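Dear colleague,

I am writing to hand over a structure for your attention. Please find the sequence and the model below, followed by a summary of the findings.

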Amino acid sequence: MRDRRRRRNEYRPRRTRRSVRVFTALLACLAALTFFEEERIVPEAVFYHPTKEVRRLIDASAERYSLSRELLQSVILTESKFDNHAVSSTGAVGIMQLMPDTAAWIAEQSGLPADNLHNPEENIPLGAWYLEYLIGKYDGNLVLALAAYNAGRGNVDSWMEERGWPADYADIDGIPFPETREFVRSVIENRDWMKGQNEEER
């Protein structure tokens with residue numbers, strides 16, 4: 001009996017060491033993934049994906065408002081990570097993070113419903129319409145349109161006037177608000193990554 005117990009005990013340290021090595025390797029992988037995401041070595045689009053229903057709404061709204069699917073999806077990803085229940089500290093609501101006042105104005109201009117901003121079937125078309133409107137307002141300049149989506153048209157118009165930004169302004173680093181700077185950069189980076197993935201799949 002003593003010999004059997006001794007033999008069992010001899011194997012325990014090896015098993016323990018093996019478990020510790022596996023656990024340490026897993027922790028290292030998780031830490032690396034977190035680091036890559038934070039440092040933008042890997043775009044957020046790798047980690048977050050829309051449901052089939054949300055993807056359907058993105059495709060329909062992108063086609064209806066002459067937007068690229070990748071751009072619309074990237075705005076949603078950056079705004080809410082596809083969470084239709086999201087509410088920001090400033091009161092922006094839903095999957096495309098629309099301010100209620102802005103959503104009401106969009107509804108007035110477009111005829112789209114804005115009764116429940118937590119409903120992606122209402123929120124995505126409203127946000128897509130607004131994005132198309134902003135791209136048109138700034139003559140196709142995506143940097144300015146995205147900055148206005150995040151910071152508001154009034155701020156972007158002020159920056160253009162006070163800082164002498166031309167219509168073809170493209171310096172993301174020159175955007176005064178850090179949050180807006182990060183938003184514009186994130187949308188463009190994720191859109192470009194999605195485009196690359198879609199081209200590889202074709």
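This is a predicted model: local features need pLDDT of at least 70, side-chain atom pairs count only at pLDDT 80 or more; totals for chains, interfaces and linings use all residues.

I begin with the core. The largest nonpolar core comprises 49 residues. Within it, the residues with the most contacts are L72, V75, L146, Y149 and V184. Seven helices are listed as supplying at least two residues each to this core: α2 (52-64), α3 (69-80), α4 (100-110), α5 (120-137), α6 (142-151), α7 (153-163) and α8 (178-201). The largest share, 9 residues, is that of α6. As for V184, its contacts, leaving aside residues up to four places away in sequence, are V143, L146, A147, I172 and I175.

I turn next to the packing of α6 against α7. The axes of these two helices lie 7 Å apart, and the angle between them is about 130°. On the α6 side, the contact is formed by L144, A147, A148 and A151, while α7 contributes R153, N155, V156, W159 and M160.

From α4, the residues T102, A103, W105, I106, A107, Q109 and S110 meet L126, W129, Y130 and Y133 of α5. The residues of this contact divide into 8 nonpolar and 3 polar, with no charged residue.

Finally, I would draw your attention to S74, which belongs to helix α3. Is S74 buried or exposed? Its relative accessible area is 0%, and since buried means under 20%, S74 counts as buried. A polar atom of the S74 side chain lies 2.7 Å from the backbone oxygen of V187. Apart from residues up to four places away in sequence, S74 touches S186, V187, N190, R191 and M194.

With kind regards

Note on methods
Residues are numbered from 1 along each chain as its sequence is written. Side-chain values use heavy atoms; hydrogens and water are left out. A nonpolar core is a set of buried Ala, Val, Leu, Ile, Met, Phe, Trp, Tyr and Cys residues joined through side-chain atoms within 4.5 Å. Buried means under 20% relative accessible area, exposed over 50%, partly exposed in between (1.4 Å probe, protein chains only). Helices (H or I, at least four residues) and strands (E, at least two) are DSSP runs, numbered from the N terminus. Contact means heavy atoms within 4.5 Å. Axes are lines fitted to C-alpha atoms, for helices over the stretch in contact, and angles run from 0 to 180 degrees between N-to-C directions. Ala, Val, Leu, Ile, Met, Phe, Trp, Tyr, Cys and Pro count as nonpolar, Asp, Glu, Lys and Arg as charged, and the others, Gly among them, as polar. A polar contact is a pair of N or O atoms within 3.5 Å; within protein, one must be able to donate a hydrogen and the other to accept it, and residues adjacent in sequence count only if both atoms are side-chain atoms.
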